[in-house]
Amino acid sequence: MKKRLSLMLVTIMAFGSILAACGGGEEAAPAETTPTETTDTTTPAETGTEEAEPAEGAESAIGLTEAEDTSLNPAPAVARTDSAILGTVAPQGVFNPLFHQTAYDFAIDDTIFSSLIKIKGDGTYENDLADNIEISEDNKTYTFHIKDNAKYSDGTPVTAKDYLFTMKLYMDSSYDGQSDPLSWNVVGSKEYNAGTAKDISGIKVIDDQTVSVTVSDYDAMTQVNLGAVTPLSEAYYGKGYKQGDLSSVKQLNDKPMGPGPYKLTKYTPGQEVDLQANENYHGGAAKIPNLIYKVTTDTTNMAMLQSGETDLDNVTVNEDNVEELKSVGFLDVNVLKNNGYGYVAMNNKNPLFADKKVRQALTYGLNRAEVVEAAYGPYAEVINIPQSDVSWAYTDKDIEAYDYDLEKAKSMLDEAGWKEGADGIREKDGKKFEINFSATADNPVVDALIPIMTENYEELGIKLVTETLDFNAIMEKKDKGDYDMFFAAWGLTPDPDTTVYITDGAQNNSGYSNPEVDALYAKGKKELDLEKRKEIYAQAYQMINEDAPEILMYQRTNMLAINGRLDGWDITPYKEYQHSLNQVEIAQ
Amino acid sequence: MAKELVEFRNLETHFKTSAGTVKAVNDVSFSIREGETLCVVGESGCGKSVTAMSLMQLIESPPGKIVGGQILFEGKDLLKLSKKDMSRLRGNDIAMIFQEPMSSLNPVFTIGKQIAEPLLHHLGMTHKEAKARVIELITMVGIPRPEKIYDSYPHELSGGMRQRIMIAIALSCNPKLLIADEPTTALDVTIQAQILDLMRDIKSKMNTAIMMITHDLGVVAEMADFVVVMYAGKVIEEAPVLELFKNPQHPYTQGLLKAKPIINQRQERLYSIPGQVPNPVNLGDNCHFHDRCEFCMEICKVKTPPLRAHADGHKTACWLYEEEGKRNERNVGSVGTAAE
Amino acid sequence: MEQPQNRMEQLQEQLKIVKPESPWKIAARRFAKNKLALVGLIILVLMFLICFLGPLFSPYELNQTDVKNKNQAPNGDFWLGTDKLGRDILLRVMLAGRISLTVGLVATAISVAIGATLGAVAGFYRRYADTIIMRIADIFLALPTLPILITLGAILSDLKIEPSKRIYFLMLIIGLLGWVGLARLVRSQILTLREQEFMQATEALGLRDSRKIFLHLMPNTVPIIIVSATLGVAGAILTESVLSFLGLGVVPPTPSWGNMITAANSLIEFRKRPWTWIPPGLCILITVTAINLIGDGLRDALDPKMKNR
Amino acid sequence: MSQYIIRRLLQMIPTLIGISIIVFVISQMVPGDYITASQNPNMTAERADQLRAIYGLDKPAIQQYFIWAKNMLTGNLGDSFQHKMPVTKVINTYVWNSFVIAFVTLILSWVIAAFVGVFSAQFQYSFFDKVVTLLVFLLMSLPSFFIGLLAIKYFALDLKLFPTGGMTTAGLNASGWAYIKDVAGHMILPVTVMTTLSVGSLTRYFRTGMLEVIRQDYIRTARAKGLNERTVIFKHAFRNALLPAITLLGFELPALFGGAMILERVFTWPGIGQIYLASINMRDYPLMLGFTMFLAVLTLLGNLISDILYGVADPRIRLK
């Protein structure tokens, strides 16, 4: 009774870790975006292959540590000769690339479905179901030719009509998935969406294997958007589909059928997903006949790896876990950069932070290295531009490192007119320098950030009033503009294009606005040539680094532990483990 | 003379309390014959209830304990019996009813079920037989509409009716001895008379011996064949009822009788025995009544008087009637006036 | 033969008229006799002293973090070792005690006060009051506590309430969420007691209802109230840490026993650094045990039916 | 009695309506909605509005309430945003897993609590009573996930007696009896932990109830009837000590289906508790509201049952 009630309340204790496990860690489709995380600690991510050495200095902690001696493998693992068990957080059971949302549904869908093009280790793309793609001079018409041997797991061939059917599903008025199909500007998509047209005029089926798509306006992402579409079998998914109502398609979410390396045999919600190799896969049947995704949680996933109950799992990165897993001996421990970064947003429209000099002073005045060290030890790095150093768009040419420098910060604040008040707190034309800071609770970074930031800013003469809040509550305060500072994290997409730093961009949390940066991003979006785009984004990052609209904190890492008996992986921060499942084999 | 049913031999029951050991029952001996109604009389706290509870062995063990003496029932010493054998006797051969009818019945069980329990337990009756017997018992104790009563709950009955039910429960297995611990004290006079009449005609029908514990001399006069008077844990006088009323020997008994109001005799102030019942802790070797006794002599303060038999069956524990007492106290006045 | 007229003096002298002891004094005497209850009282007082006076003697500051000596086992200068930010755990446990003890006791007091009164009123008046109060209780029980807490957290931050002041809201919230259980228990007891003879006697005396409820009925429910209150304290202490997550209570780095235990939520932390979670866990255990011992002692002391043991 | 039940059932209707209004208002007041909670980095304003239109979140609150309420009356709780399938199907998939362990725990904890409570009352201040009391306090002072972790560490990892988690062994698609045996093996640890957590407070209530009843006069009468000690204690005394505990029974019904959010996560048990908590985090209104109403109905039924049981158990209370 009373005990029961408080037991129920106490259950929210796992609030933070649940939020991390499946709540805040949602990702959009792999092609467009990578996971955003707020307090996320366990989203799957890629490993850095040997040659992708991080830019600033060899970082021994990050990278792959091979298993020394797979003979130590415990009995349960050795006994599994024809199957592999992969630990995962419970998927939602939405096995359909149009609708899936969590990273865990992604991982399973990537084994069941494959699209026309697929991502490579460095974030660029290569052909998959399609064998060649022609682009018209005006970059507005894209013609995809599908491989002859591209078949669905039920043996039926993948045809252009399936591609058209799938595009219709995307353009349907009741499509509520993660992608934003209308933004691809396919000609005729708006009419189909509105229901005024029965067909999509911009898409023409030339023959069984060729389809051409015309867009009204193109940008660097158009080819990726159109290529990453997984053609769903019209025969299987089309039954009962009427324009305007996708419910018949959604009913097949837990009974998927696709052209990927595996096909689903059994799904027990909340427990496991059993998959079998798809003999009709165009890349040849996978080498591991049976694949089992078993639901694990971060309280016991490490123990299961050690006891051989699971072959692969994502484990929270901290010194204890890494040390423990490395000491086991038969596990490959991949510590790889997470596609995302933590930052302290400042309300640039708030008079406190309007002056660039103040923002720079606040960045100098915060000992970011100590926060990162306290929170993640060697497994995270301070960053100064909003991009992962693994991405082709990364640059560190004339980027200010803002190393912790108390005196510089103090002098900059004096120059900015914030004089030390009687009680040690700075004042400027009568207003005290007091910052209201909000952060989500139960997060290793916040536990370290708040005390250190309070201490640092006290020395600077700034009073910090901190509070912990539910993430959505912070977002709502942001939308109302009623905030000074808050801590959150952003996900990075393989493509550098984003709305975070554009004036009034959908994701612009800091109210930052710099017309030059806006122009650079617009140019970058339109530019198709990779080298030119690198140049554009480098300039943009230099300007953002200079303006310091927010205090960029860290880029952390994820850890993927894999039993040494499985070989043939090709894992990078962009190419997740499930993409190489079709070539992995069990070493005898 | 009927055969002796129960015999208390130098029973000692003591209670350990924070203030010291209380000798609630201090060397008590008397016996009850078959079919006889014996009344145990005395002020509250004189040990009469404890004597009964010792017979039933229902003394709450942490503070209280039977430390000495014997209780013979049909020749067998109950104190030697095992727990199982004793519980087989309780409710079967020896039954008991209590003072507080309001809280003596289990509030959550029906009347019928509570009466049937001893029948099922002791006599192994089937439910059907038990029900018939219960209906019979309810009628016997003078309650109308037995079937309705059978299914009703204790809180639906009045105090008098509940006491009748208690009697029905006690008599269910035709006990040889019925102990009644102040059965009518909590009831008003009219109901009291009915209960006593009921007990009397049951005794005549089933030849049950009754051990009536009371402090009401009216009840004693009406019910008792034989009377035992107790004071501060000891038996100070016992005699057949007429003999006791006609010729009370012990000053305490005389005091009790004098204190009884007599109809149509106006009295300014009712006589009351001076003083208080002594503090029960370590009373010592003396006549416990000495500080309230008009005829108190030196010896009374130093030595406990033995219970001496005088006329047939009339025993008294008082130095006035002992040789030693007579020798050194010549000037004793006349022994109190007998009052009917 | 003394003369009758001085009989009255004799009686008075013998009776040694003693001023009768007030029920509370008897209860206090009985409570004092109960060794276990006394031990409980002493422990509780000690806990309060340590938590409120202890920090003054500690050489360390509250938020003094230095990552150099993080995760040190108990040693010379850190008697109970340090946590992963290098903060002295002994100091944090003491400071956490201030919050957890006050929250635990005050919140429970609120829920007991509301629960017992509403329960008694519902039980006594039966028809209308009972229906209304019990339906409100049903609604309270049926409401999803988590969304409410999130909303409250957001409102508090919008109103710019000083984070350190929010602890008082926390106590109120825990109290408000906790009363329903006790209300139902007290109500069912009152329903039974209401039927008993002594209540008809109070009717005969024409006592005011409030006297009937509080002076005659409530003392009988004392045992149930005490048990539920003592159980409630442990729950309140642990609930506090949950509410602090949602911004309703304690903001890190301020420690509370609840959030110190939750910090150790991995098997490794469990095994390798027991000194981070054993002290707060132990403190809660000691406090809860002490409170329950006092509860037992109180119940026996206050229980009118209790024979003088 | 039946008249009372009918009246109470009728009363439930306004209460449920009241609850549905309050719960809906709360869901509107909770900051953020499904779109903000899923934090899709490429979410543009237009796409957000489109999605809100599809989910009907753009309609005024009152209209949303009536649509939801109307559908609910016809048993259609709408589709869960996250799971993209009807709420009823989501609940049906997961709730029975929670029910299984909660039900076994209920039986175990009540039986154990009754025995331990009675014995520790009978031998008050005895060694047994002191040990039990201390154990009860120990279990109450530690958060549930703590005891869960402890149990896994010792029994599953070190002693390898039980599986570390989950409901079935991976890859073993057993059926019929083998499946039941497998699930039972997985259930032992979570059920033991859940029982130890709930048995504590119940024992205290039984003990207090017994302490009060043991000294009553009718217990002395029962002994005077010559019944043996076990019958006196377990029939006469226990029946009366049960009364306060019966009120607690009312709270068990929602707990049976509510799922132990935290222990299900610690033991990787596919229960509804997790799903419900996730639906709140993600502002998946249909699932959140649907399950809350489901629990609300159970709560009201639970309370009704406990009141009826109370009337049955204690004849003195006449249920008008």
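Predicted model: local features only at pLDDT ≥ 70, side-chain atom pairs only at ≥ 80, totals over all residues.
Which residue is the bridge partner of Asn132(A) in β6(A)? It is His145(A).

Strands of a sheet pair through backbone hydrogen bonds, either parallel or antiparallel. Here β5(A) and β6(A), residues 141-146, pair in the antiparallel sense. Five bridges join them.

Now widen the view. The open sheet of chain A has four strands, in the order β5-β6-β8-β7, with antiparallel pairing. β5 (130-135) and β7 (203-207) of chain A stand at the edges, and each has a single partner strand, so one side of each is left without a neighbour in the sheet. On average, neighbouring strands are turned by 20° against each other, direction ignored.

Helix α5 of chain A, residues 160-171, lies across β6, β7 and β8 (210-214) of chain A. Helix α5(A) runs at about 170° to β7(A).

Next, turn to the partner chain. The size of an interface is often given as the accessible area lost when the parts come together. Chain A and chain D bury about 5400 Å² between them. Of this area, 57% is on carbon and sulfur atoms. Chain A brings 69 residues to the contact and chain D brings 62.

Three salt bridges cross this interface. One of them links the side chains of Asp298(A) and Arg265(D), at 3.4 Å from N to O. There are also 15 residue pairs in polar contact across the interface. On the side of chain A that touches chain D, α2(A) gives the most, with six residues. The residues of that side divide into 27 nonpolar, 26 polar and 16 charged.

Methods
Residues numbered from 1 in each chain as written. Chains lettered and ligands numbered in written order. Heavy atoms only, no water. Pairing = 2+ DSSP bridges. Helix = DSSP H or I, 4+ residues; strand = E, 2+ residues; numbered from the N terminus. Axes fitted to C-alpha atoms, helices over the stretch in contact; angles between N-to-C directions. Contact = heavy atoms within 4.5 Å. Buried area = accessible area lost by both parts, 1.4 Å probe. Salt bridge = Lys/Arg side-chain N within 4 Å of Asp/Glu carboxyl O. Polar contact = N/O pair within 3.5 Å; in protein donor to acceptor, adjacent residues only side chain to side chain. Nonpolar A, V, L, I, M, F, W, Y, C, P; charged D, E, K, R; others polar.
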